[in-house]
Amino acid sequence: MKLYYYKDRHGNFGDDLNPWLWSKLLPEMFDDDDSELFVGIGTLLNNNIPKQPRKVVFGSGAGYGSALPDIDDKWTFYCVRGPVTAARLGLAESCAITDAAALVSTVYNAHAQKRDGVAFIPHHVSARHMDWQAVCRQVGVRYIDPRRDVETVLSEIAGASAVITEAMHGAILADTFRIPWMPVVLYGHVLKSKWEDWSQSLSLEYEPRQLEGVWDPDYNFGTMDRLKIRTKRSFGRMGISPASWTPPPPKSTKKEIDRFLTAFEGLTRNPSFQLSRDSVFDSALARLVEKLDQLRRDRRIVV
C-alpha cells in the first residue's frame, strides 16, 4: 500500500506529518505498491485521487480540487476529518471524528518541555511572503516556520504557552497538546471550509482574527537575485518592463509594512485564545484510536 499525501517542494509540516506519524502507528504497512492508497492527513479528498487503485481513508478532509471524488466500492472509509466532509461525501455522521493529526499525542510527549511565550505560525504559503523571523522578533513573539521538519515544529509548538496560527495544523497540534491557540487570516489562500470542518469536529467555532497581509519576500533570495529583483522593480517604475522578463515578486511599501507591524503587534497584545474542551477532545481521540485498532486488526498489523 502506498501513502498518498501532498508534498510541497518548500516543505509543510502538516502534510509531512504523514510519513512521520503513520510509520510509527502502522509499521511495515507502506511500500511503493500504488494499487492501493492510504489517504491520511490533509485536505485530500477530491477528484485528483487516482480512480483505479483501492483507497483507504483515515482522517482526511474535502476542500481543495475542482470536484469531489466519485465514491465507489474501491473506497474504504475508517473516518474523515469532520462533519463538513462527511456531509459533502454523503457519509454517515459517525464517520466524522476529527483530524488524524490528533494521534500525534499517542506517540509524542508534548508535556516534557517547559512552555514559555507566545508563538506564531503562518500558512506554509505565507511563510515565503515575509521575513517572519524578523517580524516576530520585532513584536515580541516566537516564530515557528511551518516549512521545517516535523520533529522541530512539534518541539517548538510543545514549547509555547500559546499559539497564534494561520496554519490549520498549527491549531490542530496546539489543541492536541492542550495549548491555547488563536486563528488568524493574513492572505486569501487560507481555506475557510477546511478550518470549519475540523473546528466543528471538536465543537468549536472558527472565528479568525483578520489582518491585511503584506509582501516583502526578497529575503528568500541570494545576493545576485535580490540585485536583479531590485533592478527590475526600478525599471518597472520607469515604465520599462520587457515581455521576456520574469516579473519581480510583489513588495509592499514601507508604509504598508509599518501599518501591518502595528496591527500585528496589537493582535499579539490583545489575543483571543481558545481550546477545545478536554472531554470533547478526549472523546474524539478515543474514537480515532478505536478506528486505528480496527484498521490494525483488518490489516493484521502488530505493534
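Let's start with what covers the buried residues of α8: the covering elements include β5 (118-121), α3 (132-139), β7 (162-165), β8 (181-185) and β9 (209-210). Buried means under 20% relative accessible area and exposed over 50%, with partly exposed in between (1.4 Å probe, protein chains only). Helices (H or I, at least four residues) and strands (E, at least two) are DSSP runs, numbered from the N terminus.

A word on the source. This is a predicted model, where local features need pLDDT of at least 70, side-chain atom pairs count only at pLDDT 80 or more, and totals for chains, interfaces and linings use all residues. Numbering runs from 1 along each chain as its sequence is written, and side-chain values use heavy atoms, without hydrogens and water.

Back to α8. I257, F260, L261, F264, L267 and T268 are buried there. They cover an arc of only 125 degrees around the axis, so they sit on the same side of α8. That arc is taken from the directions from the helix axis to the C-beta atoms. The face turned away from the buried side carries exposed K255, T262 and R269.

Next, strand β5. I121 lies in it. Is I121 buried or exposed? I121 is buried, at a relative accessible area of 0%. Leaving aside neighbours within four places in sequence, I121 is in contact (heavy atoms within 4.5 Å) with I144, P146, I157, V163, I164, T165, E166, A167 and G170.

Now the cores. A nonpolar core is a set of buried Ala, Val, Leu, Ile, Met, Phe, Trp, Tyr and Cys residues joined through side-chain atoms within 4.5 Å. The largest has 59 residues, and W22, F38, F58, I157, L173 and F177 touch the most other members. Which helix gives the most to this core? Helix α9 (residues 278-299) does, with seven residues. A second, separate core has 21 residues, including V135, C136, V141 and L211.

Take F58. Beyond four places in sequence, its contacts include W22, F38, Y78, L288 and L295.

A cavity is a set of points, on a 1 Å grid over the protein atoms alone, where a 1.4 Å probe fits but cannot get out; lining residues have an atom within 4 Å of a point. The largest cavity has a volume of about 30 Å³. Volume here is the space filled by probe spheres set on the points, which are joined across faces, edges and corners. T98, D99, A102, I172, D175, T176, W198, L202 and F281 line the largest cavity. Helix α5 (residues 168-176) gives the largest share of that lining, three residues.

Definitions and conventions. 1 Å grid on protein atoms, 1.4 Å probe; cavity = no way out; pocket = protein on both sides within 12 Å on 5 of 7 lines; lining within 4 Å.
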